[in-house]
Number of protein chains: 2
Amino acid sequence: MLPENALASAVPDVADLPGAAPRPEETWLRIVQVHDRITRRVDSALHRQHGISLTGFEALRRIAEAPGQRASMGEVAEALGLSRAGVTSTVTRLVTEGFVVRERAADDRRLLHARLTDAGRAKLSEASPTHDGLVTHLLTHLGADAPVVTDALARVSAATRSRR
Amino acid sequence: MLPENALASAVPDVADLPGAAPRPEETWLRIVQVHDRITRRVDSALHRQHGISLTGFEALRRIAEAPGQRASMGEVAEALGLSRAGVTSTVTRLVTEGFVVRERAADDRRLLHARLTDAGRAKLSEASPTHDGLVTHLLTHLGADAPVVTDALARVSAATRSRR
DNA sequence: TGCCAAAGCTTCAAGCCCGTAGTGTTTCGG
DNA sequence: CCGAAACACTACGGGCTTGAAGCTTTGGCA
């Protein structure tokens with residue numbers, strides 16, 4: 001059932017700079033490790049230095065980048081990869097913290113828009129350097145491979161983009 | 001939906017040539033997307049087809065690969081990137097499901113070892129093809145870049161290996 | 001030899017997020 | 001005009017995190 005790598009040994013590949021094809025298992029392990037470690041570090045840095053969660057930060061950024069600095073719950077959910085219920089509680093938290101306000105959309109009254117407050121904008125520009133600096137720093141070891149990695153992962157991401 | 005490259009035609013964008021550096025932001029986004037999507041699919045497939053969680057599966061596999069098919073709580077925590085408390089509850093669940101037994105180590109009586117039962121071994125070999133097959137399938141789009149990606153991520157992983 | 005710090009694990013509480021399911025409102029097509 | 005679809009909220013059960021407290025065992029050191 002599992003073809004293993006029965007045919008991996010056959011052909012000396014052109015692009016064997018870093019070696020032969022690794023087992024998907026190995027690749028997956030690395031993705032998980034990198035994701036978990038960066039996530040933990042960034043999340044705890046945001047908590048300690050700015051009293052905000054990584055999810056909260058990403059929501060703020062997403063709303064800030066939306067046209068009119070407002071976005072519907074569904075858009076935020078889609079953008080952050082959160083569930084509907086998760087976005088509800090995340091935005092509720094942001095509202096009680098004063099970073100965001102909820103308002104019914106004028107054109108389609110089914111939608112609720114989250115809009116940044118001044119405090120939200122301030123928090124975002126305060127926390128952004130921490131977030132971006134850390135991510136940039138932790139990914140420096142990709143070095144010259146960064147474009148290839150980004151591109152390859154983008155293909156995988158696109159191929160797994162799911163209805164749901 | 002996202003007009004994010006609406007201005008891509010105006011400026012000779014850096015992201016066009018494979019060799020130009022993408023923003024770390026972009027790379028990070030791809031890592032998160034790929035991780036989240038694969039995790040969700042594999043987890044739900046394991047749940048539906050084998051009634052086991054991804055974390056439970058990884059714990060079983062880890063214990064199976066340990067010398068003597070037994071591992072201490074700490075080893076499992078380290079290997080899976082879980083907290084102590086998380087491992088305790090994960091292993092407790094596996095114990096009540098009959099896949100694992102806990103036993104005090106003979107040489108160092110501070111340690112508790114988790115050891116696979118026959119049912120645990122059976123469940124592992126039943127679920128492994130599902131897990132591995134899915135991971136392999138979802139990562140096929142890495143194509144010839146797989147070695148580069150794996151290697152680059154391994155560097156990042158090594159550089160972020162933390163005490164804790 | 002005796003003692004105490006450190007290691008390993010568990011437990012509990014609080015917090016965040018998930019998925020599912022059920023409810024209410026609004027919109028849109030037939 | 002009416003029903004299906006879309007959007008969002010609430011509630012519930014589950015899993016994982018951190019932090020703190022407590023237990024047993026180990027091992028170094030006086």
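Predicted model: local features only at pLDDT ≥ 70, side-chain atom pairs only at ≥ 80, totals over all residues.

Reader: Which element gives the most residues to the side of chain A that touches chain B?

Author: Four helices of chain A each give two or more residues to this side: H1 (24-50), H2 (54-65), H5 (118-138) and H6 (146-159). With 17 residues, the element that gives the most is H1(A).

Reader: How many residues of the side of chain A that touches chain B are nonpolar, polar and charged?

Author: In total, 53 residues of chain A are in contact with 53 residues of chain B. By class, the chain A side has 15 charged residues, 13 polar ones and, as nonpolar residues, 25.

Reader: What area do chain A and chain B bury between them?

Author: The size of an interface is often given as the accessible area lost when the parts come together. Carbon and sulfur atoms account for 68% of the area buried here. For chain A and chain B, the total is about 5100 Å².

Reader: How far apart are the closest N and O atoms of Arg155(A) and Asp145(B)?

Author: Side chains of opposite charge can pair when their charged atoms come close. Across the interface of chain A and chain B, four salt bridges are found. A salt bridge here requires such a nitrogen and oxygen to lie within 4 Å. Arg155(A) and Asp145(B) form a salt bridge, and the separation of their closest N and O atoms is 3.1 Å.

Reader: Which residue forms a salt bridge with Arg70(A)?

Author: Over all chains, the search finds 20 salt bridges. In one of them, the closest N and O atoms are 2.6 Å apart, and the partner of Arg70(A) is Glu103(A). This pair links distant parts of the chain, 33 residues apart: Arg70(A) lies in strand S1 (residues 70-72) of chain A, and strand S2 (residues 100-104) of chain A holds the partner, Glu103(A).

Reader: Which element gives the most residues to the lining of the second largest pocket?

Author: This pocket holds about 1400 Å³ of space. Of its 37 lining residues, the closest to the centre are Val32(A), Asp36(A), Ala79(B), Leu80(B) and Gly81(B). Elements giving two or more residues to the lining are H1 of chain A and, from chain B, helices H1 (24-50), H2 (54-65) and H3 (73-80). With ten residues, the element that gives the most is H1(A).

Reader: How many residues in that lining are charged?

Author: The lining of the second largest pocket includes nine nonpolar and eleven polar residues. The number of charged residues is 17.

Notes. Residues numbered from 1 in each chain as written. Chains lettered and ligands numbered in written order. Heavy atoms only, no water. Contact = heavy atoms within 4.5 Å. Buried area = accessible area lost by both parts, 1.4 Å probe. Salt bridge = Lys/Arg side-chain N within 4 Å of Asp/Glu carboxyl O. Nonpolar A, V, L, I, M, F, W, Y, C, P; charged D, E, K, R; others polar. 1 Å grid on protein atoms, 1.4 Å probe; cavity = no way out; pocket = protein on both sides within 12 Å on 5 of 7 lines; lining within 4 Å. Points joined across faces, edges and corners; volume = space filled by probe spheres on them.
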